[in-house]
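I opened the model today to look up a few local features. My entries follow in the order I made them.

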Amino acid sequence: MASSKIKSVDFYRKIPRDLTEASVSGAGMSILAAFVMIFLFGMELNSYLMMNTTTTVVVDNSLDGDFLRINFNVSFPALSCEFASVDVNDVLGTNRLNITKEIRKYSIDQNLQRTRSGFENGPYLRAIKHDDEIDVEYTEGAISLNARNFEKASHLYPILVVNFFAPWCSWSKRLRPAWEKAANIIRTRYDPDMDGRILVGKVDCTEEIELCKRNNIQGYPSIRIFRKGSDGREPESYYGDRDTNSLVTTMEELVAPISAESLTHTGYKFKQPAVFTGGCRLEGFVYVKKVPGNLVISAHSPAHSFDAFQMNMSHVISRFSFGKKITAEGFSDFKRVLPYLGRNHEKLNAKSYIADRGNSSTKNITIEHHLQVVKTEVLTRAHKIIEDYEYTAHSSLVNSPVIPATKFHYELSPMQVVIEESHKSFSHFLTNLCAIIGGVFTVAGILDSILHNTIRLIKKVELGKNF
């Protein structure tokens, strides 16, 4: 009695097998339904295992502080490391000049290959001392050198000290009296004909353009020290004071080792190897405020002048990015999420910007890059946050009324993009799986019923025609 009551709630009542009828169409439909179920099951499994992403745009509420890191690696084939300067300014009035912290300079050749281990930053950060009297009468003491006698002098005298100057340069004008007086004193003490250990010379770079280019003179005045027998070795640059006493003292220190029959270099603190190749690679990072601003790379010196028409700011950008550098541990995650970051990830990387020096209309050119920066956050399935800054870049070459430079104008968006990784829950997978099995089974049953009844109807029609 109890079992009969339980059977009354059976939703799946069984039909005796003897009362069922198998058909070819039913068998075909069953096989087709099985294949459809397997195919849909595979697609659902793939969807379950696949990572899904949702993208939203929200107001930037990041907690990484008020400062943003800018990373860069830029090569300038025609800008000397001697004068290359990185400056930062913004709309709030920040103006930082010749930033050296966390920035490295490397001399490079025309093929962008490094020629020395590194260049020491900041030789001109101190004030350069000059003679107090400028417009005094003086006797010419330095020997004028040109392309014809320069090589002879450098091979004839153990020490050749040369002032590369430009007559229009105010710093050259200020150095000239002290240089000529120092040359006269050195000539008196170390006569070039009788003693022959040192010669003090000068080169006018407005007349000897090729000679100055050959010695990579970009700022005026530039004092170079050449040593006899130093073929293939870089000359030295003098970065010390420019008053008469300092110049004479330095020159006597150069001569002193020769009198002792020693040609070793002295340890004078204001001398270092000259930048004898024309290019410079700047790499490192700076921190800037999160407001519109500029990162400017140019030739700068508080004690030199520059010929704007001779400056060439062509450059190759190896890397330019914003934000913290991704660690090696997070690099694998970064490579996985990189497709989510679109086409604006480090968009300036591996780009070249060349000013055509052969065209007179392209001289005195400043190269500007306008960057619109948007922060992107990726929340991974492991609940780790990967941050990146994407940016658009528009570059242009403009005629500059002052010394040419390379400028990166950056502006941060107040919005940020949030990308969240997610995957379907197992319960959702089971629900879809049941829907696939039940749906295919039901649809296949309906189609089989229609097909079976259609065949029976056709047979009845045919049977009626026969009678």
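**Helix H2**

I began with the helix and found Ser 25, Gly 26, Met 29, Ala 33 and Glu 44 of H2 buried. Buried means under 20% relative accessible area, exposed over 50%, and partly exposed in between, with a 1.4 Å probe and protein chains only. I note that this is a predicted model: local features need pLDDT of at least 70, side-chain atom pairs count only at pLDDT 80 or more, and totals for chains, interfaces and linings use all residues. Residues are numbered from 1 along each chain as its sequence is written, and side-chain values use heavy atoms, with hydrogens and water left out.

Helices (H or I, at least four residues) and strands (E, at least two) are DSSP runs, numbered from the N terminus. I then checked the length of H2, residues 24-49. The expected span of a helix is 1.5 Å times one less than its number of residues. For the 26 residues of H2 that gives 38 Å, and the end C-alpha atoms are 38 Å apart, so the two agree.

**Disulfides**

How many disulfides does the structure hold? I found 2 disulfides, taking a disulfide as a pair of cysteine sulfur atoms within 2.5 Å.

The link of Cys 81 and Cys 280 is right-handed, with 100° about the S-S bond. Both Cys 81 and Cys 280 are buried.

Cys 205 is joined to Cys 212, S to S 2.0 Å. Here I read -90° about the S-S bond, a left-handed link of Cys 205 and Cys 212. Cys 205 and Cys 212 are both buried. With the bonded cysteines numbered in sequence order, the pairing is 1-4, 2-3.

I also looked up two further cysteines. Cys 169 counts as buried because its relative accessibility is 0%. Cys 434 counts as exposed because its value is 55%.

**Sheet**

Next I traced an open sheet of 5 strands, in the order E5-E12-E2-E14-E15, with antiparallel pairing. Its edge strands are E5 (103-108) and E15 (351-353), each pairing on one side only. Two strands pair if DSSP finds at least two bridges between them. E2 and E12 pair in the antiparallel sense over 10 bridges.

**Arg 197**

I found Arg 197 in the loop between helix H4 (170-189) and strand E8 (198-204). Is Arg 197 buried or exposed? Arg 197 is buried, because its relative accessible area is 18%.

**Aromatic rings**

Rings of Phe, Tyr and Trp (its six-membered ring) pair if their centres lie within 6.5 Å; planes under 30 degrees apart count as stacked, over 60 as edge-to-face and the rest as tilted. By this rule I get 12 aromatic pairs. Trp 168 and Tyr 220 are edge-to-face, 5.8 Å centre to centre, with 85° between the planes. They lie 52 residues apart in the chain. Trp 168 is partly exposed at 42%, whereas Tyr 220 is buried at 8%. Phe 320 and Phe 322 also form an edge-to-face pair, at 5.7 Å and 80°. Both Phe 320 and Phe 322 are buried. My last entry is one aromatic cluster, formed by Phe 41, Tyr 48, Phe 426 and Phe 429.
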